[in-house]
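Subject: Structure handover

Hello,

Please find the structure below. My notes on what was found in it follow.

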Amino acid sequence: MADIKLNLINRSNDRNNSSIVIFQRNEATSFNELAVAWQVVKNLGQGWSHPFAYPMGMAVAASDSWGNYSPLKAAENGQQFQVVRDPSGDILKYTGQATSQNEVEVLNALDQGAVNANVYRDGKLLATKTAIAPGQKATFQFRPTIWIGVVSQVEEGQLINSAILQQINTELSLFGIASADIVMTGGGPGASSTPFEFTLQNILYA
């Protein structure tokens with residue numbers, strides 16, 4: 001499946017050189033769970049644009065209580081991976097079908113020791129589940145939508161704190177899209193300032 005090509009364009013009145021965060025929510029967990037800042041766009045001047053891709057494919061990796069990280073493995077919906085002990089140490093391997101066709105699962109099949117599961121999109125951390133006990137699994141499900149908002153003090157690959165998350169209410173559906181511009185408007189100094197808005201424009205459908 002082809003990547004979705006997106007182009008973020010700043011047509012706002014922002015004078016503060018704000019950062020823009022883009023993330024996805026893991027639909028398989030509670031809505032209150034913290035999300036990871038998948039992309040953070042900084043220093044996007046007025047009239048400037050920032051092209052990026054949204055690949056349909058993902059990758060998973062695990063880390064263990066010793067601070068070791070597995071290599072990334074390509075993953076798609078409906079697949080389960082397990083962390084198992086083999087003679088060489090802990091390994092992450094594909095083990096077959098997940099419970100749901102819409103989810104990617106990472107099962108801790110070790111006898112002891114918790115593991116963390118990480119999901120990546122376009123090589124950047126998208127979601128994480130920590131402290132998965134032996135016999136437990138992390139479940140990841142993403143709809144083809146992104147959340148986007150103007151933030152300060154958010155770093156790419158880090159968890160977004162709940163106070164900031166609650167301020168971000170723009171969800172853009174990428175379903176069926178091949179490419180689109182994401183146009184940022186609003187903002188500005190003083191009393192005439194309006195909220196930032198993000199809209200999809202120049203949409204080409206797949």
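This is a predicted model: local features need pLDDT of at least 70, side-chain atom pairs count only at pLDDT 80 or more; totals for chains, interfaces and linings use all residues.

Residues are numbered from 1 along each chain as its sequence is written, and side-chain values use heavy atoms, with hydrogens and water left out.

Ring pairs

Tyr94 has a ring partner, Phe81: the ring centres are 5.7 Å apart and the planes stand at 65 degrees, so the pair is edge-to-face. Rings of Phe, Tyr and Trp (its six-membered ring) pair if their centres lie within 6.5 Å; planes under 30 degrees apart count as stacked, over 60 as edge-to-face and the rest as tilted. Phe81 lies in strand 7 (residues 79-86) and Tyr94 in strand 8 (residues 89-97), 13 residues apart. Strands (E, at least two residues) are DSSP runs, numbered from the N terminus. Phe81 counts as buried, at 1% relative accessibility.

The structure holds 4 aromatic pairs. Another of them is stacked, because the rings of Phe23 and Trp147 have their centres 6.4 Å apart and their planes at 10 degrees. Phe23 belongs to strand 2 and Trp147 to strand 13, 124 residues apart in the chain, and both residues are buried. Ring pairs also link Trp38, Phe52 and Tyr54 into a cluster.

An open sheet of 4 strands has the order 3-2-13-14, with antiparallel pairing. Two strands pair if DSSP finds at least two bridges between them. Strand 3 and strand 14 (170-173) are the edge strands, each pairing on one side only.

Strand 2 is joined to strand 13 (residues 145-151) by 5 bridges, with Ser19 opposite Val151. On the side of strand 3 (residues 39-41) there are 3 bridges, and Val21 has Val40 as its bridge partner. Strand 13 and strand 14 pair over 4 bridges; there, the partner of Ile148 is Thr170.

Is strand 2 buried or exposed? 5 of the 5 residues of strand 2 (residues 19-23) are buried, so the strand is largely enclosed by the rest of the structure. Ser19, Val21 and Phe23 point one way, and Ile20 and Ile22 the other. In a regular strand the side chains alternate between the two faces of the sheet.

Cores

A nonpolar core is a set of buried Ala, Val, Leu, Ile, Met, Phe, Trp, Tyr and Cys residues joined through side-chain atoms within 4.5 Å. The largest has 38 residues, and those touching the most other members include Ile20, Phe140 and Ile148. Strand 15 (residues 177-187) supplies the largest share of this core, 4 residues. A second, separate core of 12 residues includes Val21, Val40, Val151 and Leu165.

A buried polar residue

Asn118 lies in strand 10 (residues 115-121) and counts as buried, at 7% relative accessibility. Its side chain makes a polar contact of 2.6 Å with that of Thr128. A polar contact is a pair of N or O atoms within 3.5 Å; within protein, one must be able to donate a hydrogen and the other to accept it, and residues adjacent in sequence count only if both atoms are side-chain atoms.

Regards

Definitions and conventions. Buried means under 20% relative accessible area, exposed over 50%, partly exposed in between (1.4 Å probe, protein chains only).
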